[in-house]
Amino acid sequence: MPAVEIRNFRKVYDGKVAVEKLSFDIEAGDVFGLIGPNGAGKTTTIRFLATLLDPTMGDATIQGFSVRKQVREVRRRIGYLPDHFGVYDGMRVWEFLDFFALAYGIALTRRKKIIDDVLTLVDLAHKRDDLVNGLSRGTRQRLGLAKTLLHDPPVLILDEPASGLDPRARVEIKALLRELKQMGKTILISSHILSDLADLCNKIGIIERGQLLACAPVQEIVGQFSERHVIEVSVLSREIELETRLATTKHVENVERIDHQVKFDYAGTDEAIALLHGALAREEFPLVWFREVEVTLEEAFFRITKGEVS
Amino acid sequence: MANAVFQRELRLGLRSHRAFLAQVVFVGCLAAVVLLAWPKGEKVGVEAALSRSIFQTLGVSMFALVTLLAPVFVAGSLTSEKEAGTLEMLLVSPISPAQVAWGKLMASVLFLVFLVLSALPVLGLCYFLGGVGGDEVVALGMHLLGFTVLVGGIGLTASAICGRTHGALVVTYLSCLPIGIIAVLLALGSEGFYHPETAAFLNFLETVILLILFAVICARLSRPPNTADRPAEEERPDDQAVMQLQRDYFPDSFLWPERPKGYLPDGMNPIYMKEVTCEIFGRGTGLVRAILVGTLVLTMVAGFFLSAGKTPVFFGYLDLCVLLIAPAFAANAFTQERERGTDDLLRTTLLTPADILLGKFRAIVRFLGVLTIFLLVPVPISFLAIGNAQTMGMTMAGLAVNVGLNLLVVFATLLISTATGLMMSLVFRSSAGAMIATYSTVFLFAVVPVAAFAVLDQFTTIPPTDLAMWGVSSPFLASLSIGGWNGARELFRDQAVPPVWAFYLVLALGGTAVALYASWKRLARANAWA
């Protein structure tokens with residue numbers, strides 16, 4: 001049984017479709033990355049799974065419990081971190097966690113140890129007595145993660161946990177998520193930082209205009225573009241001429257020019273690439289470089305999506 | 001006028017539903033007063049005394065309406081910018097703080113002036129009835145404009161000083177209410193009030209005060225304090241001007257309890273504990289101290305009425321305090337969670353809607369209850385006042401019963417106004433919207449019946465005992481019906497006063513239950529709690 005199963009989820013706001021018949025599964029222990037441009041429907045999907053949103057149609061289950069009908073059971077099993085969350089003025093870090101631990105019904109006898117444990121896990125033990133409203137963005141984000149872990153949920157739903165963080169804080173959050181992955185947690189994470197997701201996730205869902213465009217392991221998504229070569233050519237001049245020349249060349253597709261660089265897909269063999277390189281040199285294009293670019297998740301994302309919002 | 005802030009404010013302000021509604025309510029209420037008071041069956045030449053009476057009633061109504069409506073439009077003027085995080089953007093733009101202050105002040109004040117001007121034709125009707133001089137109509141107009149501008153200035157100053165709209169609203173109401181009461185008393189009793197010279201002199205004073213307030217606003221905007229992340233604990237007693245509140249001293253600890261030293265005990269409602277220890281004083285003690293100072297000073301004044309054998313006046317004052325303060329704390333209870341971004345965190349816990357609702361309700365009722373107890377200081381003094389019971393024609397036991405019933409009315413008012421605020425906080429998305437709706441509702445049920453009573457009693461032949469029964473939703477009429485003031489006997493022309501207080505208690509407690517149930521249903525439905 002998948003840890004998370006979402007079926008035909010549709011959400012309409014004031015006649016405007018935000019998400020259209022979304023379906024995917026996340027297996028236990030998976031780290032699933034949900035990516036898409038702003039306004040694609042990621043947060044709507046995540047809020048639905050976090051029991052915060054009534055769907056127009058469809059349902060989802062968390063460890064077999066319906067998000068629509070078994071809300072309390074689902075809430076016991078999820079740890080939810082919104083993309084933006086506030087704190088209560090005047091509370092200390094441990095008091096903030098104590099408040100939420102009691103809200104999750106954790107008994108006093110276990111609470112102290114749990115709070116100490118999660119503080120250690122997110123590396124906030126030294127900030128235990130600090131006031132929450134004085135914490136930096138990165139520290140506050142770690143506090144949010146600590147809060148989501150209090151009741152030891154098997155499924156974590158994290159909406160943009162690294163957004164707005166400086167590079168060091170991002171690295172720390174990524175390391176923490178790796179640790180949670182090793183602990184066997186199932187994690188659904190949305191993020192704009194695709195390089196982070198590529199390292200962390202074993203499965204990716206790409207969503208645009210409320211529709212799931214791709215849903216597969218990271219290697220599979222990236223791999224679908226590896227049958228063709230992505231070539232980048234940089235010239236000192238005559239770039240427009242080069243662009244026109246390539247656009248009419250056999251096996252060449254998706255020619256793009258940025259300043260003095262021209263990038264294109266090439267469906268030919270390695271030998272054909274060597275011949276093309278030789279031909280361009282013979283035609284005296286002032287080549288600075290001619291190289292094959294490795295397809296990354298970011299590259300795949302740009303190729304799959306069109307940058308449209310619903 | 002090329003002030004960008006002014007142009008934007010005026011355009012957005014006049015375009016809002018709130019502006020249209022205010023205009024409708026303001027002119028509608030005044031037109032209703034004129035309609036009720038207008039002489040029936042007579043063509044021309046009504047008695048000068050009646051005409052004058054209509055004129056005075058209208059003037060008083062206008063002062064009362066401006067006092068009640070104006071703060072709603074000005075108090076959020078700068079705090080809403082702070083809450084949205086746009087004030088800094090304004091202050092770092094080439095627009096100077098003085099231009100920002102001037103633009104905000106002019107936009108707020110001009111809208112209120114439009115409001116008053118739109119009602120002047122209604123006022124002018126009295127001129128045609130005779131008995132009222134044109135100079136008197138002009139003088140009243142000048143008074144109203146000056147008063148409106150002053151209320152606008154006070155509201156904007158509160159908005160510049162306070163961090164949040166609800167705080168600014170409370171401070172504005174508490175500051176403007178005494179001025180409004182003085183204006184109403186002058187409009188009712190002083191002939192000299194209607195002389196243009198008096199109006200001009202008061203307008204001059206109001207202008208001077210406005211200039212001082214403008215300087216305060218400019219100074220505040222020039223050096224805005226960074227209070228965004230300043231926790232309550234960092235507020236030293238030395239920071240607290242006029243009055244100090246320290247949670248480890250009695251009786252302060254009664255109002256502002258100390259946080260539990262250790263972990264929260266099992267079985268405790270965490271929402272209640274959070275509200276009591278963090279939310280009410282979350283941004284420091286400034287707001288609560290302002291409320292305490294304002295209400296305690298007024299209580300000393302109101303206490304004289306109690307000692308003078310006028311219990312309904314004193315308890316009416318307490319009702320008014322509760323009606324003004326309760327919405328400030330209740331109407332933002334849920335909107336604040338949304339605005340701050342803690343709403344989703346709470347909703348995904350295992351707390352039930354009832355836990356959340358009752359936790360907040362109990363905390364606010366507790367705080368207001370303690371505050372009300374603080375305001376009861378004059379009550380024991382009243383018992384000690386020699387001959388006080390006799391002044392009211394009562395035994396000491398009778399006085400005790402009278403005070404007890406009045407207290408029940410005050411606490412019922414506290415419950416219903418808190419429950420109404422909580423309900424509005426769930427219905428509206430913003431704190432400002434919820435607060436305006438709450439104030440409008442409590443004034444509709446509590447103040448409008450009193451005004452209707454006064455107008456109908458003066459201009460119709462309906463017996464006052466019947467009229468009182470129409471106002472069972474008003475705590476003021478409820479207090480009046482308990483007795484304890486010879487003036488009330490005169491008001492009811494020595495007829496047996498119906499027990500409005502009993503109906504009021506039933507209505508208020510029933511209304512509280514209904515409002516809480518509606519809130520619970522809304523909370524449960526909106527958050528899909530199983």
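This is a predicted model: local features need pLDDT of at least 70, side-chain atom pairs count only at pLDDT 80 or more; totals for chains, interfaces and linings use all residues.

Which residues does B:Val66 touch, not counting residues up to four places away in sequence?

Modeller: Leaving out residues up to four places away in sequence, B:Val66 touches B:Val116, B:Leu144, B:Phe147, B:Thr148 and B:Val151. B:Val66 also belongs to the largest nonpolar core, which has 224 residues. Within that core, B:Val66 is listed with A:Leu49, A:Phe96, A:Leu97, A:Ile157 and B:Ile325 as the residues with the most contacts. Apart from that core there's another one, with seven residues, including A:Val233, A:Leu246, A:Tyr266 and A:Phe285.

Now zoom out to chain B. Where the two domains touch, 24 residues come from domain 1 of chain B and 23 residues from domain 2 of chain B. On the domain 1 side, helices H2 (17-37), H3 (48-74), H4 (76-84) and H8 of chain B each put in at least two residues. H8(B) gives the largest share of that side, nine residues.

H8(B) does have a bend of about 30 degrees at B:Cys176, with the proline B:Pro178 following within four residues.

Chain B also meets chain A: 27 residues of chain B are in contact with 33 residues of chain A. On the chain B side, the elements giving two or more residues are helix H11 (270-279) and helix H15 (343-347). That side of chain B divides into 14 nonpolar, five polar and eight charged residues.

Over in chain A, you have 11 helices and 14 strands. The C-alpha atoms of chain A fill a box of roughly 80 × 45 × 35 Å along the principal axes. Chain A has 310 residues, and 42% of them count as buried. Take the contacts in chain A between residues at least 6 apart in sequence: 68% of these join residues at least 24 apart.

A:Leu145, in helix H5 of chain A, makes a handy example. A:Leu145 counts as buried because it has 22 C-beta neighbours inside 10 Å, where the cut-off is 20 or more. Leaving out residues up to four places away in sequence, A:Leu145 touches A:Leu81, A:Val122, A:Pro161 and A:Leu176. The C-alpha atoms of A:Leu145 and A:Leu176 are 9.2 Å apart, with the two residues 31 residues apart along the chain.

A:Asp123 sits in the loop between helix H4 (108-121) and helix H5 (137-149) of chain A, and has a positive phi of about 60 degrees although it isn't a glycine. A:Asp123 counts as partly exposed because it has 14 C-beta neighbours inside 10 Å. A:Arg209 is found in the loop between strand E9 (203-208) and strand E10 (211-217) of chain A. Phi of A:Arg209 is also positive, near 50 degrees, in a residue other than glycine. With 19 C-beta neighbours inside 10 Å, A:Arg209 counts as partly exposed.

How values were computed
Residues are numbered from 1 along each chain as its sequence is written. Chains are lettered from A and ligands numbered from 1 in the order in which they are written. A nonpolar core is a set of buried Ala, Val, Leu, Ile, Met, Phe, Trp, Tyr and Cys residues joined through C-beta atoms within 7 Å. A residue is buried if 20 or more other C-beta atoms lie within 10 Å of its own, exposed if 12 or fewer, and partly exposed in between; C-beta atoms are placed from the backbone. Two residues are in contact if their C-beta atoms, placed from the backbone, lie within 7 Å. The bend at a residue is the angle between axes fitted to the seven residues ending there and the seven starting there. Ala, Val, Leu, Ile, Met, Phe, Trp, Tyr, Cys and Pro count as nonpolar, Asp, Glu, Lys and Arg as charged, and the others, Gly among them, as polar.
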